[in-house]
Amino acid sequence: MHLSLPKRVLARATTTLALALAMAAGTTGLLSGAEAHALPVTEGSFSFGGDEDDYISGGRSYAYATASQDRMSAFANADNGVISVSVDGANGDWWSLDLAAPSGEKLAPGTYTGATRYPFNEGTEPGLSLGGNGRGCNQLTGTFTVSAVEFGPQGYVKNLDATFVQHCEGGTAAARGEIHIENPASPAELGLDLGIALDGTASALNGKATLHGTVSCNKPVRVTVAGDVTQVKKRDLIRGSFSTTVSCTPGTPAAWSGTAVPTGSVPFQKGDVEVEGRATATDPDYDQATTVGETVAVHLTRS
């Protein structure tokens with residue numbers, strides 16, 4: 001489940017940065033939530049409108065839906081206290097919406113009053129931010145109601161039903177809208193298992209140590225297996241590192257082999273070494289790195 005960004009999203013990012021800089025200078029700007037781990041919404045709709053004097057809506061109404069070829073993406077932060085939604089309309093419009101529970105709380109069904117601009121809300125204040133198409137609030141107040149919300153791992157938003165009211169710059173004019181998201185059950189997180197064989201070799205020719213083992217996974221991924229090797233011989237501390245990459249397929253452990261080059265002039269030798277190994281891969285569904293580690297004693301034989 002990868003997010004492919006159209007050109008207008010790149011333009012949006014540039015515009016958002018410019019607006020944020022303008023805001024810092026004291027003019028109206030937009031600072032939306034980061035989208036580093038946003039995932040596409042399978043089924044969703046987003047609509048809002050506003051009073052004639054509302055700056056964000058300009059008194060107009062807007063409506064978007066995945067069924068109409070509009071694109072939506074969403075993600076939650078690490079503690080599920082914030083949901084950030086991005087909308088890319090088929091007509092070129094772009095909007096963002098952030099809903100945040102008070103600091104330290106998980107976003108849950110209920111009505112959140114006294115919201116201020118996210119991410120600058122503090123303490124017991126919930127956070128809210130609606131902006132886009134080059135428009136944003138420097139300061140805002142508002143209210144939002146979450147009717148239903150369900151999270152998966154790694155910021156996955158399975159469903160969300162919410163309504164919101166936002167006032168810009170202390171005004172009475174308001175933007176009012178609603179968001180609906182319905183995604184399938186969240187994919188399993190990437191699982192890795194690293195095995196380091198208890199035997200290896202020390203080359204009499206170049207002093208390098210060769211290790212091997214297997215790595216298993218629950219999704220097809222490219223896995224980087226790396227590690228540090230340490231040996232003590234006659235008061236000499238010998239160190240070296242190795243790294244290799246293998247393709248892993250679920251159900252079939254992938255064999256790996258790596259060679260550690262000693263960092264000093266003393267070669268690795270026959271005998272025991274400590275191997276601190278790590279296996280790392282990027283989860284293809286959540287675009288997050290997963291790492292597992294193992295530390296074992298390995299006996300090197302001369303080769």
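Student: Is Glu274 buried, exposed or partly exposed?
Tutor: Glu274 counts as partly exposed because its relative accessibility is 38%. Buried means under 20% relative accessible area, exposed over 50%, and partly exposed in between, with a 1.4 Å probe and protein chains only. By the way, this is a predicted model: local features need pLDDT of at least 70, side-chain atom pairs count only at pLDDT 80 or more, and totals for chains, interfaces and linings use all residues. Residues are numbered from 1 along each chain as its sequence is written, and side-chain values use heavy atoms, leaving out hydrogens and water.
Student: Which strand is Glu274 in?
Tutor: Strand S18, residues 271-282. Strands are DSSP runs of E with at least two residues, numbered from the N terminus.
Student: And what is Glu274 in contact with, leaving aside neighbours within four places in sequence?
Tutor: Asp228, Val229, Thr230, Thr295 and Val296. Contact means heavy atoms within 4.5 Å. Val296 is 22 residues away along the chain, and its C-alpha atom is 5.9 Å from that of Glu274.
Student: New topic: which residues make up the covered face of S11?
Tutor: Ala175, Gly177, Ile179 and Ile181. Arg176, Glu178, His180 and Glu182 make up the uncovered face.
Student: Why do the two sets alternate?
Tutor: Because side chains in a regular strand alternate between the two faces of the sheet.
Student: How many bridges join S2 to S11?
Tutor: Eight, with the strands running antiparallel. Two strands pair if DSSP finds at least two bridges between them. Gly49 stands opposite Arg176 there.
Student: What about S10 and S11?
Tutor: They form a hairpin with six residues between them.

Terms used: Helix = DSSP H or I, 4+ residues; strand = E, 2+ residues; numbered from the N terminus.
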